[in-house]
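Student: Hi! Could we walk through this structure together, starting with a strand and then moving on to charged pairs?

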Amino acid sequence: MHTLKDRLAALTPERLQGIRRGIEKESLRAGPDGQLALTPHPAALGSPLTHPHITTDFSESQVELVTGVHASVEAALAELTEVHQVVCHELAALGEEMLWASSMPCGLPTDETIPLGRYGGSNVGRAKSVYRMGLGHRYGRRMQTISGIHYNWSLPGVGSDAYFGLIRNFRRNAVVLLYLFGASPAVCSSFVAGRDHELQPLGERTMYLPHATSLRMGRLGYQSDAQASLAVSYNGLEGYAASLEEALTRPYPAYEAIGIQNPGGDYNQLATTLLQIENEFYGTIRPKRVIFPGERPLHALRERGVEYVEVRLMDLDPFETIGIDAHTARFLDLFLLHCLLSDSPPDTPAEIAALKANQHLTAARGREPGLLLQRAGRGVPLADWAAGLVAELAPIAAALDAVHGGSGYAEALARAQAALNAPDTLPSARVLQTLQREHGDSFIGFARERSRSTRAALLALPYGADLKARFDRMAVESVAEQKRIEAADSMPFEIYRREYTSPARLGRRAVAA
């Protein structure tokens, strides 16, 4: 049996230098009063359908900033900072809107008045909007306004089986990331109005749990009774693809009742199946592959295998100008390498159920002293679990520092260890301390001040004419590309929808020899 250290030693410096990462960061646009901005996506930012770095997520009011693929943490964060600068300057030119600094949303209007993302009149653009309409019908629009950071990661020479081993270990140990980096222990009461929840009131318009780490990743966040019936295994590409295909093709009675179109002919959703498309499947991590235009993600995975993983459980850090810092990104590199290099036995239905329970417990009560989670059928204190895993990252940090130079990875590890030794310094604890001490128990007051502060910090950075010119050019080109797509359409939307959601588009099922 090879140990983690043996496997680490077998990685050449060239492969370790070949780690690539990219970041996607969602943020709501909010007004100076801390309420959701209901204005359209700023035209100066280009077309959200085709812009390579600035798009929208669920809502027209929810900006998504996307970096390219980078060989270093510094380069990824530098580009993310530049994209933030461009957005903040364009928002400032229009008024006082700001990017909301918290994962949990600002003050929200009634559910039906939260605007859906708009992507123009092409079939692909209409499909994106109809998909979002479907999400609203299925889960409510409020839930979709939660924002987060996605960390995309790859190592050269890793095949699909090894990536699925990484994914299984990531899911097993994800509670450590929630504990260390969760930053959403409180919400505005508008978010839970009319919903069942277990939160406690704090002040007049804030709800919280005293030991919560990430309400975003708990029962209040991306959860669904329908998806709870999905038993997705991560034991390999074939089984994963088969379970996803079933969800994409199985009619779901509650969604059949909604219907594809309403009596007036407007579209309610793309399909009446358990999942409309692959992106609707919620998870803390996904296997991914760059797709060709018009290709279904599942088809791409089946045809060409896993290319990278997408980490989806990171909250925005409201104390960081761009929602994430270099220490956190480097810790993710260490954590993902650990998941890749460690033994990864197959998952079982019983383990999958235990992992879900662990995630919910950590999200709601992660900082509770002595909190026990289930591991291999035994109760393990979360703090001990985290400390043990962090200790195992030391040789990986040394190896990465050796190939990159400096001590950045050792420093990231030291910061995590210091936080474990002083849980009141964890981001979730700092959020509660600050909103209670400085903002009269007001989540909106806290997040509004953090949003104003990050806006001011970004506007104060040097903003060169070349940076603005480059993004102005991208904006113009993106609008032209959207118009080209619209002009090239010849198929009626209903035929396009049926063809795109056809099971035949999902790729080949492996056939037993």
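Tutor: Happy to. A strand here is a DSSP run of E with at least two residues, numbered from the N terminus. Keep in mind that this is a predicted model.

Student: Got it. Which strand does E26 lie in?

Tutor: E26 belongs to strand β1, which covers residues 20-30.

Student: And is E26 buried or exposed?

Tutor: Buried, because its relative accessibility is 4% and the cut-off for buried is under 20%.

Student: What does the side chain of E26 lie 2.9 Å from?

Tutor: A polar atom of that side chain sits 2.9 Å from the backbone nitrogen of G148. The C-alpha atom of S147 is also worth a look, with 5.1 Å between it and the C-alpha of E26. Along the chain, E26 and S147 are 121 residues apart.

Student: Nice. Switching to charges: how many salt bridges does the structure hold?

Tutor: There are 27 salt bridges. One of them pairs the side chains of E74 and R330, at 2.4 Å from N to O. This pair links distant parts of the chain, 256 residues apart. E74 is in helix α3 (residues 73-94), and R330 is in helix α12 (residues 326-341).

Student: Are those two side chains buried or exposed?

Tutor: E74 is partly exposed, with a relative accessible area of 47%. R330 is buried, with a relative accessible area of 11%.

Student: Which residue forms a salt bridge with R304?

Tutor: That's E295, and the closest N and O atoms are 2.9 Å apart. R304 is partly exposed at 28% relative accessible area, whereas E295 counts as buried at 9%.

Student: OK, next one. What about R497 and E494, how do their side chains meet?

Tutor: In a salt bridge, with 2.8 Å from N to O. Both R497 and E494 are in helix α20 (residues 493-500). They are 3 residues apart there, so about one helical turn separates them.

Student: Is that pair buried or exposed?

Tutor: Both R497 and E494 are buried.

Technical notes
Residues are numbered from 1 along each chain as its sequence is written. This is a predicted model: local features need pLDDT of at least 70, side-chain atom pairs count only at pLDDT 80 or more; totals for chains, interfaces and linings use all residues. Side-chain values use heavy atoms; hydrogens and water are left out. Helices (H or I, at least four residues) and strands (E, at least two) are DSSP runs, numbered from the N terminus. Buried means under 20% relative accessible area, exposed over 50%, partly exposed in between (1.4 Å probe, protein chains only). A polar contact is a pair of N or O atoms within 3.5 Å; within protein, one must be able to donate a hydrogen and the other to accept it, and residues adjacent in sequence count only if both atoms are side-chain atoms. A salt bridge is a side-chain nitrogen of Lys or Arg within 4 Å of a carboxyl oxygen of Asp or Glu.
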